[in-house]
Amino acid sequence: MQAAGKTKGAIIIGLLPAILIYSVFAILPIIQSFYYSVMEWNGFSDMSFVGLANFQALFQDTLFWNSVKNNIYVVLASVLGQVPIALFIALLLNRKLKGLKIFRTIGFLPVVLSTVVISLTWSLIYNSENGLINELLRALGLGGLAQNWLGDTNWSMIAVCVTVIWQFVGLYLIIFLAALQNVPEEVLEAAKIDGASEWTTTWKITVPMIWDTIIVAVILCIAGSLKTFDLIYVMTNGGPSHSTDVMALYMFNETFSQLQYGYGSAVSVVIFFFSLILIFIVTKLLGRKML
Amino acid sequence: METTVKTAAGTQVEKRRGRKKPGWKRLLIYIILILFAIVNAYPIIWMVINSFKSESEFAVNQFGFPKEFVLENYQNAWEIANFGVLFKNSIFICVAATVITVLTGALAAYFLSRFTFKMNKTIYTFFIFGMLIPIHATLVPMFILMRNLGLLNTPITLLFPYIAFHLPITIFILTSFMKAFPKDIEESAIMDGCGIFRIFWSIVLPMSRPALATVVILNFIYNWNEFSFALVLINDPAFQTLPLGLANFAGQFTTNYGAQMAGLTMSLVPIVAIYLMLEKEIVKGMTAGAVKG
């Protein structure tokens, strides 16, 4: 349809509400964070311009680099945990067996639960006194292995990562299942006729045919685990002694506990670019369109 | 000719194999799947079952069913954590944000998908860019913005970020759906003298029902579960939502496990019920959301 006179007005009226809300509450904050990031400001008194001092301080702060390291740790755990487990289960589910639907339903369940519910449930599970894991170990006569899972710097990160993996395996499971259902059956049958074992068919035909989906899952997994905040905030708040601190948590605590709004904004800007650059690199590597 | 024979024979061989699949292999597959299901579901089931046990029973009997069902935990959770208020707030925010997001999003999607004008592509890209914004990078500036606008700690505070950050995925899903409608819908409607908004309301919106269902569910679940913005923008207990209230409650009563589990169970029930009823739609929506977002 052509935009003439009356239509033009309608278009403007129709788009305005969405553009307005979106610009003010999603785009403006990003722009503002650039502005605040070059200021020193405790949130109440006057701001003073400090140039790139916030960024300088940030890049010299070992706690910041510690949080970057932990973030990468979470990303690696997610990619190496979620994707293989989900693919393995999806391959098992992708056959004509009875009762498969129930496994899919159970598999996806954690994905719809709120992160807070998951974090609190797992905190109870990891509880050092009467958490599920320690009770299980004691019941099996392995009480010696019981740990203060979230309170011990040797275990806290592992415990958090297990929860992260548990939360999202179901998402990738469903994505893989959908892709597997699109693999034409004739191809698999042809392979069988040629005498290929199920193992060979899986590795030489099925997996290569859904390779694109696997790559997409890996990207999603990286992007998703970079965003980890709620889960760790509720489970450990970055502790003990910063062993589970990630970038978003570092930003949150620096800003709101230490009242450094300028500095916190600088961390926001770094997270923003970090995420965008990562998405850009991955999409470029795969030749996919970013938007 | 030869190929036909071969295929036919092949299908038969395959069929026979399918029937005579070695039992132990099938058994092994089931065992692995059942293990996976247990690992996936047991943490939740464990929590729900134990929410009905008294504190003393929880200490000695974690794995069995409760010897007697105790509702005291629920009473405690309801009273101490103010669950009634939390529920009311969560439902209000969730419903209001979802309705506004879907309506404004659908309207925008209608114009972006059905009309040609100069800025069309630019505006669409502008919206879709929102899916790339890491929400956590906006927590600090969002707090400052809302404080400047006098919008911290009000009953409608959370509506603004929730609507703003879910418009992109809503517009993305709806635009691609509406694009597929045949061109002559509007043409015949205009011949009948329908206005542009009338066409939207009485023709395009009803036709988009499947996609609308997807975005409504998606928005509802995201809003129901959202925590970070609530954490930063709300500290008045009167306006807290369930996730925030739960986290605060657990932080204050760290050793009252029973009440914690009761609270968690209560907040779990609505979402699990919705999930079991609308599984297909939810799975579709959330995977679409993930693949693009």
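How many Å separate the centres of domain 1 of chain B and domain 2 of chain B, taken over C-alpha atoms? The separation of these two centres is 34 Å. The structure is a predicted model, in which local features need pLDDT of at least 70 and side-chain atom pairs count only at pLDDT 80 or more, while totals for chains, interfaces and linings use all residues. Residues are numbered from 1 along each chain as its sequence is written, and chains are lettered from A in the order in which they are written.

**Domains of chain B**

The domain assignment of chain B gives domain 1 (2-72) and domain 2 (76-292), with bounds that come from an automatic or database domain assignment. The contact between them takes 8 residues from domain 1 of chain B and 7 residues from domain 2 of chain B, where two residues are in contact if their C-beta atoms, placed from the backbone, lie within 7 Å. On the domain 1 side, α2(B) gives the most, with 3 residues; helices here are DSSP runs (H or I, at least four residues), numbered from the N terminus.

**Chain B against chain A**

In the contact between the chains, 80 residues of chain B meet 70 residues of chain A. Helix α2 (residues 23-50) of chain B gives the most to the side of chain B that touches chain A, with 11 residues.

| α4(B) with α14(B) | 7 residues | 4 residues | no residues |

**Two packed helices**

Helix α4 (residues 72-80) of chain B packs against helix α14 (residues 257-277) of chain B at an angle of about 80°, with their axes 8 Å apart. That makes α4(B) roughly perpendicular to α14(B), a term for angles of 65 to 115 degrees. Among the residues making the contact are B:Tyr74 and B:Ile80 of α4(B), together with B:Met261 and B:Met266 of α14(B).

**A loop residue in chain A**

A:Leu145 lies in the loop between α6 (132-139) and α7 (156-181) of chain A. A:Leu145 is exposed, because 10 other C-beta atoms lie within 10 Å, and exposed stands for 12 or fewer such atoms.

Technical notes: Axes fitted to C-alpha atoms, helices over the stretch in contact; angles between N-to-C directions. Parallel < 35°, antiparallel > 145°, perpendicular 65-115°, else oblique. Nonpolar A, V, L, I, M, F, W, Y, C, P; charged D, E, K, R; others polar. Buried ≥ 20, exposed ≤ 12 C-beta atoms within 10 Å, placed from the backbone.
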